[in-house]
Amino acid sequence: MKTEARSLFDLSGHVALITGATSGLGFATATALATQGATVIVSGLDEAACSETATRLCQSGLNAFGIACDVSDQRQVEQLVGEVLQRHGRIDTLVCNAGIQGPAGPFSNVTDDTWLRVMEVNLHSAARLTSLVIPGMAQRGAGSVILMSSIAGLRGNRRIGLYGISKAGLAQLARNLAVEWGPHGVRVNAISPGLIRTPFAAELIADSTFMSRRLSLTPLRRVGEPHEIAGVAVMLASPAGGFMTGQNIVVDGGTTISDGS
């Protein structure tokens, strides 16, 4: 029984590709997956940052290498997947974490160019990556895809509405793909973080007025930490999450269920 419990989160021999992996949630997820035994491919926009991040992980005794990729560029995405498959022959876990917020403000101010850019990076890139990676998983009869959504996709938002729409799309993409590929052994889930202590959220966390209100609406009365999202990703990638698919797991300290008391 003890051996079975330890193996629940064992990712030894797995190959995991993580986009947006050089900082924040992506780096935390790459670290957590590698710690559980996976070989991780660290991908991001900047080639030097990818290399430095992979080196940092390797210096900690983990297995990692970096490949730069602009996920909004179809050719680069194809090259990314092709290089991983050439080196390792498989991708067992795909984590689509790369994303941008886009401009803040009223939705009526969103331009066509902004709409296209946010949707391309946040949503279309995930659809493109999954289309390239999942068929190989299906041939082997196993695989886990994790799409990084957000609680901004669960409720209305007057400040970053376009971002929220793109994240809601990711949660729906997870459901659609789960239905389509489940019969082939491929699991697809989304994670919706709340406010997490990352560079992405640094401006909000530094705003004392915002934080006072936000924490009063959060039962745990604190912001989340990157490893608390990464832990959920490990569960979804590992045997522990083997009977979960099509889910949108909210990790927000209770913000979205709070009545404000």
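## About the model

This is a predicted model, in which local features need pLDDT of at least 70 and side-chain atom pairs count only at pLDDT 80 or more, while totals for chains, interfaces and linings use all residues. Residues are numbered from 1 along each chain as its sequence is written, and side-chain values use heavy atoms, with hydrogens and water left out.

## The sheet and its helices

An open sheet of seven strands, with parallel pairing, has the order β3-β2-β1-β4-β5-β6-β7. The edge strands, β3 (63-68) and β7 (248-251), each pair on one side only, and neighbouring strands of this sheet are turned on average by 20° against each other, direction ignored. Strands and helices are DSSP runs numbered from the N terminus (helices are H or I, at least four residues; strands are E, at least two), and two strands pair if DSSP finds at least two bridges between them.

Helix α4 lies across β1 (15-18), β2 (39-44) and β3, and runs at about 150° to β3. Helix α6 (residues 161-181) lies across β5 (143-148), β6 and β7, running at about 160° to β6. These angles run from 0 to 180 degrees between N-to-C directions, and the axes are lines fitted to C-alpha atoms, for helices over the stretch in contact.

## A buried residue and a partly exposed one

Leu94 is found in strand β4, and Leu94 is buried, because its relative accessible area is 0%. Leaving aside residues up to four places away in sequence, Leu94 touches Leu17, Leu129, Thr130, Val133, Met137, Ser144, Val145 and Ile146, where contact means heavy atoms within 4.5 Å. The C-alpha atoms of Leu94 and Leu129 are separated by 8.5 Å, although these residues are 35 residues apart along the chain.

Gly82, by contrast, lies in helix α4 (residues 74-88) and is partly exposed, with a relative accessible area of 34%. The C-alpha atoms of Gly82 and Leu195, which are 113 residues apart along the chain, are separated by 34 Å.

## Salt bridges

Side chains of opposite charge can pair when their charged atoms come close. A search of the whole structure finds five salt bridges, each being a side-chain nitrogen of Lys or Arg within 4 Å of a carboxyl oxygen of Asp or Glu. In one of them, Asp92 pairs with Arg90, and the closest N and O atoms are 2.7 Å apart; Asp92 is buried at 7% relative accessibility, whereas Arg90 is partly exposed at 32%.

Arg128, which is buried with a relative accessible area of 12%, meets Glu120 in a salt bridge of 3.0 Å, N to O. Arg197 forms a salt bridge with Glu225, with the closest N and O atoms 3.0 Å apart. Arg197 lies in the loop between β6 (186-193) and α7 (202-205) and Glu225 in the loop between α8 (208-216) and α9 (226-237), so this pair ties together parts that are 28 residues apart in sequence.

Note on methods: Buried means under 20% relative accessible area, exposed over 50%, partly exposed in between (1.4 Å probe, protein chains only).
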